[in-house]
Amino acid sequence: MKDGRAAFVGGLLLCLLPICLWTAVWAWRGVPSVLAWWLIQAYSLIAVLLMLILVAVWGFRFAIRKLRGRERRSTFFRPAFRILLAAAFVLGAWPALWFAGIGQTAYPADAARTEPSLTIASPFAEPVLVGWGGDRLRTNYHAAAPNERWAYDLLADPAGIGSSRLEDYGIYGRRVLAPAAGTVVEARGDEADHAPGVSDSETLAGNHVYIRLDATGTYLVLAHLMQGSVEVQAGEHVETGDLLARVGNSGSSSEPHLHLHHQRQNPVETNLFLTEGLPLYFRGEHGAFMPDGGVEVREGRDIPVGDRLDP
């Protein structure tokens, strides 16, 4: 009976862990929520592994009992333990499917209630396309990550063409302008641009500029810049419209584009898995707006079909 009670308590704890983590995500904003979100995904992989081990052990024990002709005796606690384990694995293992693009959900933060938000100018002097952007996962795959909740990938025609030549992409080499006033906290421009479709990067952001914003004290991240094109350095103050760099294909990037997002913590001092993404809007003719992105697969290629962003 004591073994049964211990099993029951163990199953209850396994069930309560994902419930507590999900509660933290929904009810506790900031770093605790972000950390709980990543722990949910880590626990999901452990839950899948535990489930496979448990099924294998139960199957082996069942086969041995059958061979020996023994009937399995049950107590109240053993069936209850199984039920609790099943519930724990359902709650815990679901996020593991996200890595395969199944049942994925956006990080549950509300743009209208998350402060501070930021409205900026376009970082380009010419019209560009929003490859990924907006508040919904369908138009912005970044929405699944707390640190990039309202991030943008900006491109220009031609894009999604499947070429291995950087120069064939419309956005490659375009001048990137400061979208808001602030102080550069870090700038890097020595990482090589790699060919489109090649996973050969030293860092995730590649060449980048991080700006501490005058208006909010929060931070703007501009990533995947061209090697040798960065015109600013740490400590330098920039005004809206100042030249920062040119678009490249450095870092974790499938084709030339500018990655842009707004976050609370200083990216120089804080690990990206502990940073909180913040709402980011653009100035438009009718006021601040959050443009949508989107991609359609045509002839095996990802073609951007998002909104157009004008200067």
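A polar contact is a pair of N or O atoms within 3.5 Å; within protein, one must be able to donate a hydrogen and the other to accept it, and residues adjacent in sequence count only if both atoms are side-chain atoms. The views show a predicted model, in which local features need pLDDT of at least 70 and side-chain atom pairs count only at pLDDT 80 or more, while totals for chains, interfaces and linings use all residues. Residues are numbered from 1 along each chain as its sequence is written, and side-chain values use heavy atoms, with hydrogens and water left out.

**View 1. Aspartate 292 and arginine 136.** The side chains of aspartate 292 and arginine 136 make a polar contact at 2.9 Å. These two residues are 156 residues apart along the chain, and their C-alpha atoms are separated by 8.3 Å. Aspartate 292 sits in the loop between strand S13 (287–289) and strand S14 (295–298); strands (E, at least two residues) are DSSP runs, numbered from the N terminus. With a relative accessible area of 24%, aspartate 292 is partly exposed (buried means under 20%, exposed over 50%, partly exposed in between; 1.4 Å probe, protein chains only). Not counting residues up to four places away in sequence, aspartate 292 touches residues including Val130, Thr139, Gly306 and Asp307 (contact means heavy atoms within 4.5 Å).

**View 2. Surroundings of asparagine 140.** Asparagine 140 lies in the loop between strand S2 (128–132) and strand S3 (152–155). Its relative accessible area is 0%, so asparagine 140 is buried. A polar atom of the asparagine 140 side chain lies 3.0 Å from the backbone oxygen of glycine 134, and one lies 2.9 Å from the backbone oxygen of alanine 151. Leaving aside neighbours within four places in sequence, the contacts of asparagine 140 include Trp132, Arg149 and Trp150.

**View 3. Strand S6 and its partners.** In strand S6 (residues 207–213), 6 of the 7 residues are buried. Strand S5 (residues 182–188) runs antiparallel to S6 and is joined to S6 by 6 bridges; two strands pair if DSSP finds at least two bridges between them. Glycine 182 is opposite leucine 213 in S6. S6 and strand S7 (residues 219–225) are also antiparallel, with 6 bridges, and valine 209 faces leucine 222 in S7. The S6–S7 hairpin has 5 residues between its strands, and glycine 217 in the turn has a positive phi of about 75 degrees.

Conventions:
Helices (H or I, at least four residues) and strands (E, at least two) are DSSP runs, numbered from the N terminus.
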